[in-house]
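Please read it alongside the sequence and the model shown here.

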Amino acid sequence: MPAVAAADIERIFREEYGRAVSVLVRVFGDIDIAEESVQEAFTVAVRRWPDDGLPPSPAGWIITTARNRAIDRLRREAARQDKHAQAALLHAHNEPVEVGPVRDDRLRLIFTCCHPALGRAAQVALTLRLIGGLSTPEIARAFLVPEPTMAQRLVRAKGKIRDAGIPYRIPPEAELPGRLRAVLTVVYLIFNEGHLTRADLCAEAIRLGRLLVELMPDEPEVRGLLALMLLTESRRPARTGPDGALVRLADQDRTRWNRELIAEGQGLVRQCLRRNQPGPYQIQAAINAVHSDAATAADTDWQQILALYDQLLACEPTPVVALNRAVAVAEIDGPQAALNLANKLDLDGYYLFHAIRADLLRRLGRTDEAALSYQAALDRTENTAEREFLRQHTG
Amino acid sequence: MRQYMLSVHMVDGSPQRSPEAIQQLYQQVDGFNAELLAAGSWVFGGGLLPPDAATVVRASGGAVLTTDGPFAEGKEHIGGFWVIRAPDLDAALAWAGKASLACEDPVEVRPFQEEAED
């Protein structure tokens with residue numbers, strides 16, 4: 001038997017929590033019972049595994065132990081006429097306990113966490129908790145929310161799932177596109193939350209993205225989202241300078257980009273292209289893949305990027321997409337053409353709108369107006385890396 | 001089976017519907033009611049008169065106080081409701097979508113505390 005260190009158990013907990021909870025939610029039809037029993041099983045594991053060694057299938061051991069312990073406890077409670085326990089036992093009685101094919105269990109739980117009857121903040125918190133296995137304090141820290149607030153958000157969301165009768169179910173074909181979009185939005189939101197500051201949140205989002213690709217291999221947008229996250233993440237080492245200020249794509253030291261992530265991301269983009277069912281995430285991933293191909297900023301194939309932005313704007317006609325397209329236009333038709341496009345957009349509250357206008361004005365030699373726009377951008381972001389970048393340009 | 005209340009939320013002062021439009025609306029709602037009945041999901045339902053027909057009765061300290069008008073003076077009021085039986089929220093939301101389409105107003109879905117008797 002291999003020796004088991006506390007760190008191993010912690011890693012297994014993080015990796016297998018979601019799988020175990022998903023199976024037990026199916027068995028008992030109740031999230032709280034599932035979570036409590038999985039926690040209990042890991043407590044037993046911490047006690048036993050260092051002496052007994054790692055079981056051949058740690059996840060299987062956790063699931064079986066959790067189930068057996070929960071049934072013992074529910075029997076005691078059911079004997080005291082606890083209706084909730086009786087219902088959970090009845091549910092468990094009718095559910096087969098196969099530990100092997102948990103694919104559908106996890107998918108079911110993901111769709112439950114991202115159900116449209118739950119608010120976006122609740123969807124994010126539930127997904128990180130139940131699928132990602134993050135603790136409540138970890139989620140609270142990641143979203144800069146006091147721990148009791150996050151705990152309350154999770155309790156309320158789980159309460160609504162139970163009380164309103166949100167089913168554990170993979171949505172039927174007709175509803176799948178819309179429901180899948182919500183799942184992808186949640187994962188990308190987690191990624192973006194970590195984009196400039198929290199590398200661990202990005203890693204978690206990528207882990208969720210990989211899981212989704214594994215669970216839904218035939219959905220091209222799932223693959224597109226993973227590719228987009230990997231390609232964005234590949235630039236993390238070059239994205240901030242030694243002073244903590246944001247470094248723009250054009251100014252980044254491209255030798256610091258993570259080649260492994262780029263190769264994986266570009267591979268996924270190629271798979272998407274072969275499939276030829278484009279969607280917003282795939283197109284954004286393709287845009288990032290073009291950037292990743294360029295050894296220097298001057299080598300960037302802007303014509304291809306503009307063509308991709310045209311395609312993205314067609315399927316997602318939002319001002320933010322139009323603004324990003326204007327950046328590509330600047331590289332082809334010059335800053336004045338881009339400024340004309342940007343000036344038509346109603347994005348006054350968005351810091352990047354002002355930062356991009358500032359850059360275009362600077363390139364046109366209109367330095368006074370540029371300084372005003374940098375200041376306007378500075379007034380609209382709280383992020384320190386972004387603020388540091390802008391401050392260097394306002395002076 | 002669970003039970004849900006689907007309530008129709010109307011905003012005061014929204015533009016008056018023409019008699020033809022009202023006639024069509026009634027037909028739509030009748031069709032929805034028939035569909036609920038046929039599916040065995042109907043428990044109860046009906047339209048309500050406007051809130052100026054409402055009276056609030058409040059028992060407090062052994063006395064009963066009666067006041068004219070709705071409980072909350074506001075811009076919105078409940079125009080009617082259904083009570084339906086459904087296996088889960090997804091089924092209830094699907095009925096609510098059809099209800100909203102029929103009555104042309106937003107519909108709120110709220111679960112009952114107790115499950116329906118089967």
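**Contact between the chains**

In this predicted model, 7 residues of chain A are in contact with 6 residues of chain B, where contact requires that the C-beta atoms of two residues, placed from the backbone, lie within 7 Å. The side of chain A that touches chain B divides into 4 nonpolar, 1 polar and 2 charged residues; here Ala, Val, Leu, Ile, Met, Phe, Trp, Tyr, Cys and Pro count as nonpolar, Asp, Glu, Lys and Arg as charged, and the others, Gly among them, as polar.

**Basis of the description**

- Residues are numbered from 1 along each chain as its sequence is written, while chains are lettered from A and ligands numbered from 1 in the order in which they are written.
- Because the model is predicted, local features need pLDDT of at least 70 and side-chain atom pairs count only at pLDDT 80 or more, whereas totals for chains, interfaces and linings use all residues.

**Overall make-up of chain B**

- Chain B contains 2 helices and 6 strands, taken as DSSP runs (helices H or I, at least four residues; strands E, at least two) and numbered from the N terminus.
- The order of these elements from the N terminus is β-α-β-β-β-β-α-β.
- The C-alpha trace of chain B spans about 45 × 40 × 20 Å along its principal axes.
- Of the 118 residues in chain B, 18% are buried, meaning that 20 or more other C-beta atoms, placed from the backbone, lie within 10 Å of the residue's own.
- Among contacts in chain B with a separation of 6 or more, 76% are between residues 24 or more positions apart.

**The four-stranded sheet**

- Chain B has an open sheet of 4 strands in the order β2-β5-β1-β6, with antiparallel pairing; two strands pair if DSSP finds at least two bridges between them.
- At the edges stand β2 (42-47) and β6 (107-111) of chain B, each pairing on one side only.
- Neighbouring strands of this sheet are turned by 20° against each other on average, direction ignored, with axes fitted as lines to C-alpha atoms.
- Strand β1 (residues 2-11) of chain B runs antiparallel to β6(B) and is joined to it by 5 bridges.
- Opposite Met5(B) stands Arg110(B) in β6(B).

- Strand β3 (residues 55-60) of chain B pairs with β4(B) in the antiparallel sense over 6 bridges.
- Val57(B) has Thr66(B), in β4(B), as its bridge partner.
- The hairpin of β3(B) and β4(B) has 2 residues between the strands, and Gly61(B) takes a positive phi near 55° in this hairpin.
- Strand β4 (residues 63-68) of chain B is hardly covered, with 0 buried residues among its 6.

Key: Buried ≥ 20, exposed ≤ 12 C-beta atoms within 10 Å, placed from the backbone. Axes fitted to C-alpha atoms, helices over the stretch in contact; angles between N-to-C directions.
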